Amino acid sequence: MANVAVIGAQWGDEGKGKIVDWLAERADVVVRYQGGHNAGHTLVINGVCYKLSLLPSGIVRGRLSIIGNGVVIDPHHFVAEVKTLQAQGVAITAKNLRIAENAPLILSLHRNLDAEQENMAAAGLKIGTTKRGIGPAYEDKVGRRSIRLADLAEPESLMPKIERLLVHHNALRRGMGEQEIKPQNIYAELMEVAADLLPFMARGWKILDEHYRKGARILFEGAQGALLDNDFGTYPYVTSSNTVSGQAAAGSGLGPGAVHYVLGIAKAYTTRVGEGPFPTEQDNAVGALLGERGHEFGTVTGRKRRCGWLDSVALRQMAAICGINGLALTKLDVLDGMSEIKICTGYVLDGDILDYMPASIDQQNRLKPLYETLPGWKESTAGARRFADLPAQAVHYVRRIEELVAAPVTLVSTGADREDTILIKDPFQD
């Protein structure tokens, strides 16, 4: 049996929630390894819609779920999300949900700073963050001044850590003309939620190691998408963590050898939320049609997503960087009824043809897509459960994506329900 890491292979919103839920039923442990509550997953189970932003998707299936050290945690959001799911009948206790003791916490000062920095950014320099404090929390982590979950268990030594944190943040606040924060206020904020979080605290790496040695099937759940990776994405229009598959090991505490199969999730077209380059964006009737059919609004923010044709160049690049073993292609049914479908197979930059996306943001903004046009199909693919049930043109489209991306399609999603899934190869049986 293989352990599987699930990543978004585009700019996020690829439908990871459904695929992770589908895989979670076959897993023993599900671990979330990066990001925060800035990325939402929507699960539809027996007609009931569950929306998760921080908790691993496996919790809805009753699987042992772990929030790893690579995740930044907003305590108040954690409490609210747990209560919401419990109200929907999901059992959540310290027996099936654990949080890594070394996970950094998102505080009110992080949310405030995130909003201030985004609001103060000059036109053209706004990143389009969710203003939930994710970036500032990660900055404090690498700056070695984070308050981590384990710190809540030692309140007697917490105040010096808060004071060290505020040396940095109060200097920023003074520069922005904001009132300084008193250490006692942060201490009270943390003590208010300590009793809600500490029962879930655990040595995440140790639990995972024990299950791994017993042969348990582990599912590594990523958030956002690989094109938002802090190193390999469209920088600076990226998130504040590594979203590529390599983070599965560092963000959970298991060695890289424990990740046996990398499953990349990709839509049959491309979407993006917020600012940043998007070579295949269709700011026209085609984009509007894709957005309407695909219900392209963000789970967390409700923001309308930008829509465009599939970018096989960017997808192939992420497949190489992430070592993708197989693709899960989602929302194929959104393309039903289109007379023709285009795929970007290259870029033109200042007269040169490129088969990769350059790192320079200025060059990314000047990219012009080269398209290959394929025939569409009139038949419906919605709800198809076998590959043989797909129209011939849809099969051709899937096969052409495999050729261009140099990765096999192992799953095809044809609807929101978890059962609307065509399994070509089970990732857990690698």
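User: What is the strand order in the open sheet of ten strands?
Analyst: In this predicted model, the order is β7-β6-β5-β2-β8-β1-β9-β13-β17-β18, with mixed pairing.

User: What makes β7 and β18 the edge strands?
Analyst: β7 (201–202) and β18 (421–423) each pair on one side only.

User: How do you know that β1 and β9 pair, and in which sense?
Analyst: Pairing needs at least two bridges. Strand β1 (residues 4–8) and strand β9 (residues 261–267) have five bridges, in the parallel sense, so they count as paired. Within this pairing, Val6 stands opposite Leu263 in β9.

User: Why is the pair of Trp11 and Phe278 called tilted?
Analyst: The ring centres are 5.4 Å apart, and the cut-off for a pair is 6.5 Å. The planes stand at 55 degrees; stacked requires under 30 and edge-to-face over 60, so the pair is tilted.

User: Which parts of the chain does this pair tie together?
Analyst: Trp11 lies in the loop between β1 and α1, and Phe278 in the loop between β10 and α9, so the pair joins parts 267 residues apart in sequence.

User: Why is Phe78 called edge-to-face with Phe200?
Analyst: Their planes are 75 degrees apart, with 5.4 Å centre to centre. An angle over 60 counts as edge-to-face, so the name applies. Phe78 is in helix α2, and Phe200 is in the loop between α6 and β7.

User: Are Phe78 and Phe200 buried or exposed?
Analyst: Buried means under 20%. Phe78 has 1% relative accessibility and Phe200 has 11%, so both count as buried.

Terms used. Residues are numbered from 1 along each chain as its sequence is written. This is a predicted model: local features need pLDDT of at least 70, side-chain atom pairs count only at pLDDT 80 or more; totals for chains, interfaces and linings use all residues. Side-chain values use heavy atoms; hydrogens and water are left out. Helices (H or I, at least four residues) and strands (E, at least two) are DSSP runs, numbered from the N terminus. Rings of Phe, Tyr and Trp (its six-membered ring) pair if their centres lie within 6.5 Å; planes under 30 degrees apart count as stacked, over 60 as edge-to-face and the rest as tilted. Buried means under 20% relative accessible area, exposed over 50%, partly exposed in between (1.4 Å probe, protein chains only).
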